[in-house]
Amino acid sequence: MNITIAIDDIHPGKGWGLPGDQCMEYLEELNKEFGAKFTLFIPSNYHNKFPLSNHQEWINWLKSKGYFELAAHGHYHECKRDDIWECEFFELETEKEANERIKLMMEEWDKVNHKPLGWRSPGWLTTPIAAQQLSPYFKYAAIHETHNRGIQWGCKMVYGAEGIHETDIRMINGNVMFQSHIAGDWNDNCWNKENYEQMRISLQYLTQQDHTFKTISELI
């Protein structure tokens, strides 16, 4: 059994992934106790306030831990359209729009000397055109079987969406993949004390069986 823990919306804002943030200390404790690894889905310029190119030391710190995979999670994450809120790539309806946004995103990753192997759509939604343009850049797309809406990606499609707060855990193709958000009062699966303690209980149960912790790219 492979155990994977994915975390969305990591960015260099206080409380969202910086050294000393309580949420990051929870991840370190799980690594120390169980050997857990994590795939971090990181927007390249979250809400147009946190361009990765201004935070090379933060990227270096994440990579130095040895138990994080850094994956792509859009550029701005937010949308111009109020009706679809944070689903950035769901408002990109033409190849030109998608390619322009992808170019901005990949330039930020290039500037911090990291090539993300994986992708997850902000808000879990994207247009078919955007998915088509994104696929050549990534080894895999981590998707939700319902929210993906039947889109066929040109890269490996990886399914999994068990919340860290949930007790009913499914195995898909020999993998248990937990999904979470690093913070946010609007998410049930953010890394607060209650969910951290539930995750410890889940891992205590799962690690009694033959298991390996893997990042998503290590599953491919």
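In this predicted model, helix 1 and helix 5 run roughly parallel to each other, because their axes cross at roughly 15 degrees and angles under 35 degrees count as roughly parallel. Helix 1 covers residues 22-34 and helix 5 covers residues 193-206, and the two axes come within 11 Å. The crossing of helix 1 past helix 5 is right-handed. On the helix 1 side, the contact is made by Tyr-26, Glu-29, Leu-30, Glu-33 and Phe-34, while helix 5 contributes Lys-193, Tyr-196, Met-199, Arg-200, Leu-203 and Gln-204. Sorted by class, this contact holds six nonpolar, four charged and one polar residues.

Attention now turns to the empty space inside the model. Rolling a probe the size of a water molecule over the atoms shows where such space is left. By class, the lining of the largest cavity comprises five nonpolar, three polar and one charged residues.

Conventions:
Residues are numbered from 1 along each chain as its sequence is written. This is a predicted model: local features need pLDDT of at least 70, side-chain atom pairs count only at pLDDT 80 or more; totals for chains, interfaces and linings use all residues. Side-chain values use heavy atoms; hydrogens and water are left out. Axes are lines fitted to C-alpha atoms, for helices over the stretch in contact, and angles run from 0 to 180 degrees between N-to-C directions. Helices (H or I, at least four residues) and strands (E, at least two) are DSSP runs, numbered from the N terminus. Angles under 35 degrees count as roughly parallel, over 145 as roughly antiparallel, 65 to 115 as roughly perpendicular and the rest as oblique. A crossing is left-handed if the near helix is turned anticlockwise from the far one by less than a right angle, and right-handed if clockwise. Contact means heavy atoms within 4.5 Å. Ala, Val, Leu, Ile, Met, Phe, Trp, Tyr, Cys and Pro count as nonpolar, Asp, Glu, Lys and Arg as charged, and the others, Gly among them, as polar.
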